Amino acid sequence: MKMKRVVSTLLAGAMVLSLTACGSTAAPAADTAAPAADTAAPAADTAAPAADTAATDTASAGEPITLNMWCIATESDSNRHSYEEAIKEMEAEFPDVTLNWEAFENQSYKTKIKAAVSADEMPDIFFTWSCAFLGDFVDAGKVYCLDDAYQNYKDELPEVMLGNSTYDGKHYGVPLTMNIVGLFANMDLLKEAGYDEVPGTYEDFIACCDALKAKGIIPFGCAGKETWCVTEYLESVIEKSVGADTLNDIFLGRATWNNADVGAAVDTFQSLVNNGYFDPSGIGLTNDEVKANFMAGKYAFYMNGTWNCADFAANEEFFPKVKVSEFPVINADKASLGQLIGGPSDTLAVAASSPNAERAAEYTFELGKRICHYGYLDGCGLPAWTPYGDTSSINGLTQAVSEICANADSYVLFGDTAMSADDANTYLSYVDQVYGCQVDGTQFIEGLANDIR
């Protein structure tokens, strides 16, 4: 019964996200209970993309074909095992399909897939982030519509989980897992500073950071070499200062960046940097290096996606030390606990240019279901698909994330995913300057208001 309750609550949370995250997939109103697909507002007044009439398969069902896939499940990625297990199953169940797959590092992949789309050199199946990131490809007519294939999976994949990959009422992505930004804490280090629990208020949180510093312990580790890691901290600070609705409206272009409260929140984040709470060497480190340092006991806190639960749970020495919570509220007049950064985003899609697009669509749903299954068992995220099989082995960290999500009232999708590609690049450039203390809060909001229109 507990598992059913958690899953149903997650679906309700995802429904809220689907209604508020992407302007092209849903109506702005967040207080309606209908699924996004039923209330979707058109992304634009243009006709349906050419991808809806993608080329017919050159091979009939049952004939041997080869499909190429790109993803970000590198050897060091938390999701690697779920991909390997899923693909192993697919090899046995789809002997007529040969899958050639390649994995690329997160940041470089964003450049690679965009270049491939522009050059019409896409693989048959590709990993993508949902919302505006995938939406740009859909608008260009480069993505195969999955409506027909989805009919065979409606009982296993709830419609509400497709909100962030639905454009003009049509489905273009197979969601995998959903994740939020979690505040991970090394409780052994917190105990050294006199804390038995992660502080629940912002005032206590700052006092804890000061106590850690006094003990010679660095409070935060953050990978400046990968700007998306900085956003995990900055966006949480902004959201817990101005509220989820305000941040969401800004990300979606419904409100201006020139918001004094956002500027003040950026200054708050920068004060954490200037107060010496962040590892100064982190500016030149990758996420893998920072995560390794956190697990080695160099930092007390690590703010990152809850897909990290898998790696933490797999480390028998470190796992008993780590807890996960959400970032505390900074301004209770405008924000509250239960307002989270994240939601369903990781997605597989099919290229409209694939000579075997129809069969690739079926294969992608089957593969996505299995990746979700094994990813959930590993602790890489919460399931977009209805869980099946024995889930009793789910690790304690992932269960804690489930409880956080069960108490959520709103989600704001990661900024560089919610925004269009050009706007996201501009945004990340300013985030990078904030972390390097090259611009302050006022310069941040005025610059973005000027450069993103």
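**Reading strands and a helix**

Modeller: Two bridges join β1 to strand β3 (residues 125–129), and the two strands run parallel; strands count as paired if DSSP finds at least two bridges between them. Helices (H or I, at least four residues) and strands (E, at least two) are DSSP runs, numbered from the N terminus. This is a predicted model, in which local features need pLDDT of at least 70 and side-chain atom pairs count only at pLDDT 80 or more, while totals for chains, interfaces and linings use all residues. Residues are numbered from 1 along each chain as its sequence is written, and side-chain values use heavy atoms, with hydrogens and water left out.

Colleague: Which residue of β3 does methionine 69 stand opposite?

Modeller: Methionine 69 stands opposite isoleucine 125.

Colleague: How many bridges join β1 to strand β2?

Modeller: Seven bridges link β1 with β2 (residues 97–103), and these strands run parallel; tryptophan 70 has glutamate 102 of β2 as its bridge partner. Between β1 and β2 the chain passes through helix α3 (residues 80–93), in a β-α-β crossover that is right-handed, that is, clockwise along the path from the first strand over the helix to the second, with the strands pointing away from the viewer.

Colleague: Which residues of helix α12 are buried?

Modeller: Buried means under 20% relative accessible area, exposed over 50%, partly exposed in between (1.4 Å probe, protein chains only). In α12 (residues 287–295) the buried residues are Asn287, Val290, Lys291 and Phe294. They lie on the same side of α12 because they cover an arc of only 100° around the axis, taken from the directions from the helix axis to the C-beta atoms.
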